[in-house]
Amino acid sequence: MFGYLLRRLGFGALTVVGVSIVVFVLMRILPGDPLVAIFGSEGFTKLSAAERAHYMAELGLSDPLWLQYVSWVKEIARGNFGRSFFRSESVAEMILRRGPLTAEIAFLSVALSWLVGIPVAIISALRPNSIADNFARFMSILFLAVPGFWLGMLIVLTLLFAFGYRAPLTGASLLTDPRTTLEMIIGPATVLGLGQAAYIARMARSSMLEVVREDYVRTARAKGLSNRLVIALHALPNALLPVITLSGILLGFVLAGSIPVERAFGTPGLGNAMFTAVSERDVFVMQNLVFLYAVVFVLLNLLVDIIIAWLDPRIRLR
Amino acid sequence: MTVTSPHLGTGAEPQARAVPVALPPPTSSWSRAGRALRTFVRRSPMSAFWALVALAVILMAIAAPAIAPYDPLKSNFRVMTKPPSIEHSFGTDQIGRDTLSRVVWGSRASLMVAFGAVLLGTTLGGLWGLASGFFGGRFDIASQRAIEFMQSFPDLVLAMAIAMALGAGTGTVIVAIAITRIPFGGRVIRAVVLSLKEMPFVEAARGLGASNTRLMFRHILPQCVAPFLILATTHLGVSIIIEASLGFLGVGIPPPTPTWGNMLADALNSGLVPPWWLVLFPGLAITITVLAFNLLGDGVRDLLDPRLRGAV
């Protein structure tokens, strides 16, 4: 177990280094001069060559590439994520202010996906090919095809026209104002949760169907346990192992999926910040946010591996 | 929301894959195709129906200039932001362009990107998987790490970053999405090749003195066609959704070319409250198309290799 953990951690660290290089390279081959993004194309043409060189040096963009990379990594290690071209707030402050909202959306959506997906899967698996099962399968196929951001736009419009309701758009924290926060995150979380529930239900159904054929389930039935007990206490825990893995991976994808969904709802989370940075070509913000998304994604996958190793004795005792 | 990391279960024995090729007596390929089609319709009428829908969308994309009632780029300032009516059945946008025509033309961008990206990405990934599975050893280990590394980005974020880095355009969107598809092709085809490599017919060919190249392309590659087709069709839907998301976030195919994604972005940018017809129809087009291609993918999988049900 310890060796396994060490190997996973080592590979995770290596991946993060690789990710940082890829992100850096992508953000440096970005077409267009960053000064055009800052001053606008008209302002840019008015700058003299000396002024351009001065601004580039000030941004640290005239150093050789490897030096830029090293100083970027050093700054990140110090917790300094740089500044936006357009806003006074530093990227680190912005992440701290907006990050919690996105994290809350992500966790609430995972909770919702389990609440919806698991019962549906159990109903499906208990009576495969029944009407309920076919309906559940059709719904999950449907929700795999609905783009989350579009569903979000529809929900916003429907609430507005039917009830004249619009979710609050300005910041609140979970501790000081839980109600406002909930109103802000429930929409994106529902949309993202339904999308995940489709995957969860599919996976849980097939894993359940496999588990109920196992010998130990037959033994449990043979000793006279009721069907409910067999399902709840014997079959479900094992059937959930692959679902936990999937859910962890989905959590990473939800963070990315929340970029367009937050945009659709106008939720001021990290996803919306990413969208703003992309549309303003705000290079430093993008660079750090893309890196952050990738690192969180790597860490989540690592965490899932560890949890699974801890839950599954076949891996734990290896 | 693109999640499944398809890999063939080890239970998928490759002998079965060879059977459909070996069974039919030598008939013309047309009647063979007809028989396969009849089997397909009989076995899964649902898939057949959605395959027809997918076909209709493809035809719509090809015949867009003939079907669209108006020019999708021409604005008519007399009918700006009008709800659906008899002349404009899907309404018009802020500068008086016909939404129906734009949705019809949008299918072109969507399908071109999806087909291009899936073919490019799955082919590159497949060839990579073929090589790494066949040669094994250090090259295989390095490839496995590289693929794991590519999968350490959420695919939307990776596609966004690549699409931005390469600059806006149809080609770059195709490349950006294709790169996110490479790991899937690599993994699945590698798994298939690993099991094929040990088969007696490969050993026999090797014993007869076939070179590595001949073994790879003449003996193993043909057996990879079915998994390749399955993989490609199952990834079409996901690619369409990524394309729409990129368009929605403003890093896809740039306007004025209509795509379903950038139409939705336009609707949102039009003001605080987007008109409902500008939101409903492009999204409906995405949903129906993705649904059709996903179910077509399931059907193709069941037809070519029923044992992969749930695996890919």
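Biologist: Does α4(A) lie largely in the open or largely buried, and why?

Modeller: This is a predicted model. Of the 13 residues of α4(A), 1 is buried, so the helix lies largely in the open.

Biologist: How far does α4 of chain A reach from its first C-alpha to its last?

Modeller: The helix covers residues 65–77 and reaches 18 Å, close to the 18 Å expected at 1.5 Å a residue. Just after α4(A), G79(A) takes a positive phi of about 85°.

Biologist: How many helices and strands does chain A have?

Modeller: There are 13 helices and 0 strands in chain A. Of the 318 residues in this chain, 36% are buried. Its C-alpha atoms fill a box of roughly 85 × 60 × 35 Å along the principal axes.

Biologist: How many residues of chain A are in contact with chain B?

Modeller: One counts the residues on each side: 42 residues of chain A are in contact with 37 residues of chain B. Several helices of chain A each supply at least two residues of the side that touches chain B, among them α1 (2–28), α8 (178–211) and α12 (283–311). The helix that gives the most to this side is α10(A), with 10 residues.

Biologist: How do the residues of that side of chain A divide into nonpolar, polar and charged?

Modeller: The side of chain A that touches chain B has 33 nonpolar, 8 polar and 1 charged.

Definitions and conventions:
Residues numbered from 1 in each chain as written. Chains lettered and ligands numbered in written order. Predicted model: local features only at pLDDT ≥ 70, side-chain atom pairs only at ≥ 80, totals over all residues. Helix = DSSP H or I, 4+ residues; strand = E, 2+ residues; numbered from the N terminus. Expected span 1.5 Å × (residues − 1). Buried ≥ 20, exposed ≤ 12 C-beta atoms within 10 Å, placed from the backbone. Contact = placed C-beta atoms within 7 Å. Nonpolar A, V, L, I, M, F, W, Y, C, P; charged D, E, K, R; others polar.
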